[in-house]
Amino acid sequence: MLSEKEMPTQWYNILAEMPHQPLPALHPGTKQPMTAEDWYPLFAKELVHQELNTSDAWIDIPEEVYEKYKIYRPTPLVRAYNLEKALDTPAHIYFKNESVSPVGSHKLNSAIAQVYYNKMEGVTNLTTETGAGQWGTAMALATKMFGVELAVYMVKISYEQKPYRRSLMQTWGAQVIASPSMSTRAGRKIITEHPTYQGSLGTAISEAIELAMSTPNCKYTLGSVLNHVSLHQTIIGLEAEKQMEMAGEYPDVVIGCFGGGSNFSGISFPFLRHNFKGNATTRFVSAEPASCPKLTRGQFHYDFGDEAGYTPLIPMFTLGHDFAPAHIHAGGLRYHGAGMLVSQLLKDNFIEAMDIQQLESFEAGVLFAQTEGIMPAPESAHAIAAAVREAKLAKEEGKQKVILFNLSGHGFVDMSAYDQYLAGDLMNYSLAQEDIDKNVAKLDQLV
Ligand SMILES: *Cc1c(COP(=O)(O)O)cnc(C)c1O
């Protein structure tokens with residue numbers, strides 16, 4: 001067991017060590033590279049500095065953040081002996097269990113840091129969006145810890161399908177609004193054009209940004225995609241690296257499910273640095289839903305992070321910012337684009353992407369629950385499905401290999417999705433490449 005005293009005291013900033021720097025984010029109005037000043041109205045200054053920091057590979061975790069991490073960190077690294085046995089595989093399968101955080105997912109690692117820096121800079125109110133509700137829940141607890149007010153725009157379909165995450169946010173004192181809402185210009189516009197629109201992360205981001213920009217002493221926070229979010233999540237991989245060392249092993253494959261990239265980055269980047277130096281040849285596999293396949297079937301292009309086009313233009317693998325993904329139950333993976341770090345790394349072949357159909361993910365999730373006893377989040381079940389594929393391949397090839405995946409969260413608040421799966425009411429979704437191409441082609445007008 002990794003003890004509290006051995007917990008890493010710094011985050012790993014991959015931006016300082018990537019062989020090829022990503023292209024800069026662009027100002028949505030001028031189309032010029034975003035400067036720190038351009039970012040300041042949106043985010044706390046320290047977070048902006050982290051976003052743009054290309055020189056320091058290691059960044060100290062502030063003491064107050066470290067103290068809060070100690071409530072649930074270090075998280076366990078577990079060898080999945082029973083899953084290995086069920087698959088009859090020669091592979092060793094390990095998972096890092098981020099589901100033990102009080103909010104049930106890895107999201108709290110960045111929420112605590114983001115709220116802390118805002119609080120230090122005198123911000124009194126924060127806004128954010130949430131898809132399935134995990135990020136909003138993490139922000140609700142983190143703002144409660146530091147005494148900051150929070151408004152959360154929650155994607156409407158999740159607001160209705162996942163009422164318990166709303167209850168959690170409200171218990172921790174956050175104000176939760178179903179998105180699209182009539183409270184913002186972006187929300188009113190989309191409701192007028194598409195009255196039955198069920199919402200998307202892109203729209204909720206637009207609403208949260210608009211509220212932050214029009215409220216005094218208020219800033220916006222984002223739970224994935226951006227560099228500083230990935231930075232905070234590296235605590236996952238840094239702990240896992242020490243824990244694997246204690247187990248006397250080193251991963252051949254590292255796997256994370258993929259929404260905007262934060263938990264995948266968190267488990268991967270600390271190991272990836274050894275590949276950069278030529279000291280390891282680990283593979284890094286991101287597992288995305290087949291119904292929202294930005295990495296496997298999207299295009300590398302400048303695109304907005306939100307539906308209305310309020311965010312900077314980010315160089316990313318994307319399906320187009322107005323892409324409306326099917327309503328799969330892994331709500332946290334229903335996002336049109338990927339962060340610029342992971343996008344550049346995919347372009348440079350340092351990482352791989354795998355698409356997983358909904359039914360395969362639930363099948364793997366149930367197998368994991370039956371063998372390891374933990375109900376995985378539907379998002380995390382994509383990583384499990386990818387690990388199962390790798391383990392089966394090891395068996396076919398008769399090869400020993402070490403697989404490490406991130407269990408990004410538990411599924412206790414997603415049991416209605418499992419109910420539907422067990423009743424045979426879930427299905428796979430297929431997407432025509434033609435439709436993807438059509439949506440992505442619209443991006444050529446942006447830059
Ligand atoms: C939000 C979330 C994800 C997807 O987001 P990333 O930024 O890609 O990590 C995956 N799993 C869980 C449990 C989540 O809450």
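Me: Is Val 225 buried or exposed, and what is its relative accessible area?

Reply: This is a predicted model, in which local features need pLDDT of at least 70 and side-chain atom pairs count only at pLDDT 80 or more, while totals for chains, interfaces and linings use all residues. Residues are numbered from 1 along each chain as its sequence is written, and side-chain values use heavy atoms, with hydrogens and water left out. Val 225 is found in the loop between strand 8 (218–220) and helix 11, where helices (H or I, at least four residues) and strands (E, at least two) are DSSP runs numbered from the N terminus. Since buried means under 20% relative accessible area, exposed over 50% and partly exposed in between, with a 1.4 Å probe and protein chains only, Val 225 counts as buried, and its relative accessible area is 8%.

Me: Which value is phi of Val 225 near?

Reply: Most residues other than glycine have a negative phi. Val 225 is a residue other than glycine with a positive value, and its phi is near 65°.

Me: Where does Asn 349 lie, and is it buried or exposed?

Reply: Phi of Asn 349 is likewise positive, near 65°. The loop that holds Asn 349 runs between helix 14 (340–347) and strand 13 (352–356). With a relative accessible area of 67%, Asn 349 is therefore classed as exposed.

Me: What is omega of the peptide bond that joins Arg 73 and Pro 74, and of the one that joins Ser 179 and Pro 180?

Reply: Most peptide bonds are trans. Pro 74 lies in the loop between helix 3 (63–69) and strand 3 (77–79), and Pro 180 is found in the loop between strand 7 (175–179) and helix 9 (185–193). A cis bond joins Arg 73 to Pro 74, with omega about -5°, and another cis bond joins Ser 179 to Pro 180, with omega about 10°.

Me: How many charged residues are in the shell around the ligand?

Reply: Of the 18 residues around the ligand, Lys 107, Ser 224, Gly 259, Ser 262 and Asn 263 come nearest, a residue being near if one of its heavy atoms lies within 4 Å. For the sorting, Ala, Val, Leu, Ile, Met, Phe, Trp, Tyr, Cys and Pro count as nonpolar, Asp, Glu, Lys and Arg as charged, and the others, Gly among them, as polar. On that basis the shell has 4 nonpolar and 12 polar residues, and the number of charged residues is 2.

Me: What share of the ligand's exposed area does the protein bury?

Reply: An oxygen atom of the ligand is 3.2 Å from a side-chain N or O atom of His 106, and a backbone N or O atom of Gly 260 lies 3.0 Å from a ligand oxygen. In the side chain of Asn 263, an N or O atom is 2.7 Å from an oxygen of the ligand. By the Shrake-Rupley method with a 1.4 Å probe, the ligand taken alone exposes 380 Å², and the share that the protein buries is 97%.

Me: Which residue's backbone oxygen does the side chain of Asn 227 reach?

Reply: Asn 227 lies in helix 11, and at 6% relative accessibility it counts as buried. Its side chain comes to 3.0 Å from a backbone oxygen, and that oxygen belongs to Glu 51.

Me: How far apart in space are the C-alpha atoms of Ala 247 and Met 1?

Reply: Ala 247 is found in the loop between helix 11 (227–246) and strand 9 (253–257), and at 40% relative accessibility it is partly exposed. Along the sequence, Ala 247 and Met 1 are 246 residues apart, whereas their C-alpha separation in space is 9.5 Å.

Me: What distance separates the C-alpha atoms of Tyr 40 and Lys 219?

Reply: Tyr 40 lies in the loop between helix 1 (36–39) and helix 2 (45–52), and it counts as buried at 18% relative accessibility. Lys 219 is 179 residues from Tyr 40 along the chain, and their C-alpha atoms are separated by 9.2 Å.

Notes. A polar contact is a pair of N or O atoms within 3.5 Å; within protein, one must be able to donate a hydrogen and the other to accept it, and residues adjacent in sequence count only if both atoms are side-chain atoms.
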